[in-house]
Amino acid sequence: MADLSDAKAALHDYLRENREDLIWKLDGLSEREARLPRTATGNNLLGALKHCLNVEAGYFGPTFGREFPTPDELVPMAAFDEDPQADWYAREDETKDGLIDLYRRVGAFADQTIEQLPLDAPGQVPWWQPGRRDVTLQRIIIHVTCDLARHAGHADIMREQHDAAIGLRRGNTNIPDDYDWPAYVSKLTKLADHFD
């Protein structure tokens with residue numbers, strides 16, 4: 001855990017933790033299980049990871065004048081003209097292990113940007129509306145961490161729906177041990193049934 005009295009180290013630590021939490025949600029899943037749509041809009045665990053790795057590569061790359069060393073591995077901006085969901089699923093030629101490896105390399109790339117620049121370093125987000133593109137590294141760390149935390153939460157629910165695997169992170173589930181979940185669900189259902 002980072003020194004929370006150092007703002008940059010604390011922000012960076014939260015980003016890294018969320019990244020690892022999302023990767024952890026894919027542990028033990030087959031290719032099919034990782035790709036299988038879990039919601040009516042097609043959300044799937046591997047797609048959430050692919051989206052987040054592309055988000056990090058973009059915000060910690062072009063925003064600060066850097067380019068990921070192998071940009072052909074990322075979803076190009078032009079792909080979104082044809083398919084606005086292009087970064088939300090793994091193509092047939094992509095694998096779970098390959099995308100996890102790519103995310104780890106993107107994470108190292110993002111970490112370099114954070115380590116090399118001060119929090120007030122200026123950047124510009126090319127895909128944001130004119131007049132709103134100017135940012136600082138601090139704003140981008142917060143923006144990406146919030147986005148990543150949201151999608152890690154989606155992954156929590158998708159994984160729980162798949163095999164009841166729950167928990168905040170590896171080594172600290174933040175969930176009571178030996179809890180009677182069926183009784184708890186029954187209790188909440190009875191409470192809800194009192195209302196129309």
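Guide: A charge is taken to sit over a ring if NZ of Lys or CZ of Arg is within 6 Å of the ring centre and within 35 degrees of the ring normal. The charged end of Lys50 sits over the ring of Tyr89 in this way, 5.8 Å from its centre. The model is predicted, so local features need pLDDT of at least 70 and side-chain atom pairs count only at pLDDT 80 or more, while totals for chains, interfaces and linings use all residues. Residues are numbered from 1 along each chain as its sequence is written, and side-chain values use heavy atoms, with hydrogens and water left out.

Rings of Phe, Tyr and Trp (its six-membered ring) pair if their centres lie within 6.5 Å, and planes under 30 degrees apart count as stacked, over 60 as edge-to-face and the rest as tilted. By this rule there are six aromatic pairs. One of them joins Tyr59 and Trp128 edge-to-face, at 6.0 Å centre to centre with 65° between the planes. This pair links distant parts of the chain, 69 residues apart, with Tyr59 in helix H3 (residues 45-59) and Trp128 in the loop between strand S1 (122-124) and strand S2 (134-136); helices (H or I, at least four residues) and strands (E, at least two) are DSSP runs, numbered from the N terminus. Both Tyr59 and Trp128 are buried, where buried means under 20% relative accessible area, exposed over 50%, and partly exposed in between (1.4 Å probe, protein chains only). Ring pairs also link Tyr59, Trp127 and Trp128 into a cluster.

The pair of Tyr179 and Trp181 is tilted, because the ring centres are 4.7 Å apart and the planes lie at 55°. Tyr179 counts as partly exposed at 39% relative accessibility, and Trp181 counts as partly exposed at 34%.
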